[in-house]
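Here's a quick tour of one model, meant to be read with the coordinates open beside you.

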Amino acid sequence: MTKIIVVGATGRMGSRITALSKDYHDLKLVGATERKGHDAIGRDIGTIVGIGETNVKLTDRLEDIIDNCDVIIDFTSINSTLQHMKLAHERKKAMVIGTTGFSKEEIGHIEEASKNIPIVIAPNMSVGVNLLLKVLQDIAKVLGDEYDIEIVEAHHRLKKDAPSGTAMKMAHVISNAVNRDLDEVAVYTRKGLIGERTKKEIGIQTIRGGDVVGEHTVFFFGLGERIEITHKASSRDTFARGALKAALWVSGRTSGLYDMQDVLGLK
Ligand SMILES: NC(=O)C1=CN([C@@H]2O[C@H](COP(=O)(O)OP(=O)(O)OC[C@H]3O[C@@H](n4cnc5c(N)ncnc54)[C@H](O)[C@@H]3O)[C@@H](O)[C@H]2O)C=CC1
Ligand SMILES: O=C(O)C1=N[C@H](C(=O)O)C[C@H](O)C1
């Protein structure tokens, strides 16, 4: 039995992970946290997320409950994830991190922590996107030199980071496949008299609005044809199930930094 704590348990993702955890007979929810001052602190998390009483009370003190768990699942925000990771590192607990938007320096801190604890981190935990990452690598290797590559992502109006973690991961996978340095070739905005498109650039564009769960399209534009590859998430449950699968997979692993390709056996 793998014992999990969901941090940020009333959030859009945290609430679905918490609710769906009851479907996994080999997972046990032993804790749920929220930020300090949250008005539901002290209430049963099950009644908040719609699965009935769980006898797990929402708390803002991860430090008091962490010793009970095997894995912490974290879809919160950059600063809070880094704080949770510090505690997980001290108490030797595994983590599944879904939070996006980390800088290179912050990823460096996560890599450092993963020398002592196992961490699964992925900007998108759906099966579809992770399979797509593999396919994109193959297509980019074949078409990358001749075709113009553009990525467009759409998310709900409440999303804080841009471009999405998934779009950035796609851009990294593609730029590695075509041997380009993403820092040199990424184009995030176009306005004014910008001149002709350069051959090597990779466009990464963001749109935001309404309640879009998450959509990503990669375009390979050629002469006389184009390929468009789109992934559309219609429910956050696809990410939540991925996170729960990752928690089962990472429990009891040796220290290291893993991603969903490892969890899904796609490497
Ligand atoms: N990897 C993946 O598959 C996915 C990743 N995400 C990412 O997950 C993150 C969260 O997204 P949402 O759930 O939409 O956001 P949200 O804002 O609905 O949820 C975040 C929750 O964390 C809580 N929180 C903040 N600080 C906390 C602390 N110190 N301790 C405990 N709880 C704390 C907030 O109160 C909130 O309830 C974002 O970075 C998003 O990009 C979202 C969907 C899928
Ligand atoms: O914030 C979101 O909602 C999502 N974030 C992830 C990202 O930044 O890629 C994954 C998903 O598309 C939803």
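Ligand 2 sits in a shell made of T100, P123, N124, H155, K159, S164, G165, T166, G214 and A233. Sorted by class, that shell has 7 polar, 2 nonpolar and 1 charged residues. Keep in mind that all of this comes from a predicted model.

**Around the ligands**

- Two of the residues around ligand 2, G214 and A233, are also bridge partners, with A233 in β11.
- Ligand 1 has 26 residues around it, and G8, G11, M13, S80 and G98 come nearest.
- By class, the ligand 1 shell splits into 15 polar, 7 nonpolar and 4 charged residues.
- Helix α1 (residues 12–20) gives the largest share of the ligand 1 shell, with 3 residues.

**The mixed sheet**

- This one is an open sheet of 5 strands, ordered β8-β9-β7-β10-β11, and its pairing is mixed.
- β10 and β11 pair antiparallel over 8 bridges.
- β7 has β10 as an antiparallel partner, joined by 7 bridges; on that strand, E215 is the residue opposite A154.
- β7 is also joined to β9 by 7 bridges, but here the strands run parallel. In β9, G203 is the bridge partner of E150.
- As a reminder, strands of a sheet pair through backbone hydrogen bonds, in either the parallel or the antiparallel sense.

**The parallel sheet**

- Here 7 strands make an open sheet in the order β3-β2-β1-β4-β5-β6-β12, and the pairing is parallel.
- The edges belong to β3 (58–59) and β12 (256–258); each has a single partner strand, so one side of each lacks a neighbour in the sheet.
- β2 (residues 27–33) and β3 run parallel and are joined by 2 bridges, with A32 opposite L58 in β3.
- Helix α4 (residues 78–90) packs on the sheet, with contacts to β1 (2–7), β4 (71–74) and β5 (94–97). The direction of α4 makes about 175° with that of β4.
- Helix α9 (residues 237–250) packs on the sheet too, touching β1, β2, β4, β5, β6 (118–121) and β12. Its direction makes about 155° with that of β5.

- How far apart are the end C-alpha atoms of helix α7 (residues 165–177)? They are 18 Å apart, which agrees with the 18 Å that its 13 residues should span at 1.5 Å a residue.
- The buried residues in α7 are T166, A167, M168, K169, M170, A171, I174 and S175. One of these, T166, also belongs to the group around ligand 2.
- For the helix geometry, remember that there are 3.6 residues a turn, so residues three or four places apart point the same way.
- What covers the buried residues of α7? The cover includes the helices α6 (127–143) and α8 (182–185), along with the strands β7 (148–155), β8 (186–187), β9 (202–208) and β10 (214–221).
- Just after α7, look at N179, which takes a positive phi of about 55°.

How values were computed: Residues numbered from 1 in each chain as written. Chains lettered and ligands numbered in written order. Predicted model: local features only at pLDDT ≥ 70, side-chain atom pairs only at ≥ 80, totals over all residues. Helix = DSSP H or I, 4+ residues; strand = E, 2+ residues; numbered from the N terminus. Expected span 1.5 Å × (residues − 1). Buried ≥ 20, exposed ≤ 12 C-beta atoms within 10 Å, placed from the backbone. Contact = placed C-beta atoms within 7 Å. Near = placed C-beta within 6 Å. Nonpolar A, V, L, I, M, F, W, Y, C, P; charged D, E, K, R; others polar. Pairing = 2+ DSSP bridges. Axes fitted to C-alpha atoms, helices over the stretch in contact; angles between N-to-C directions.
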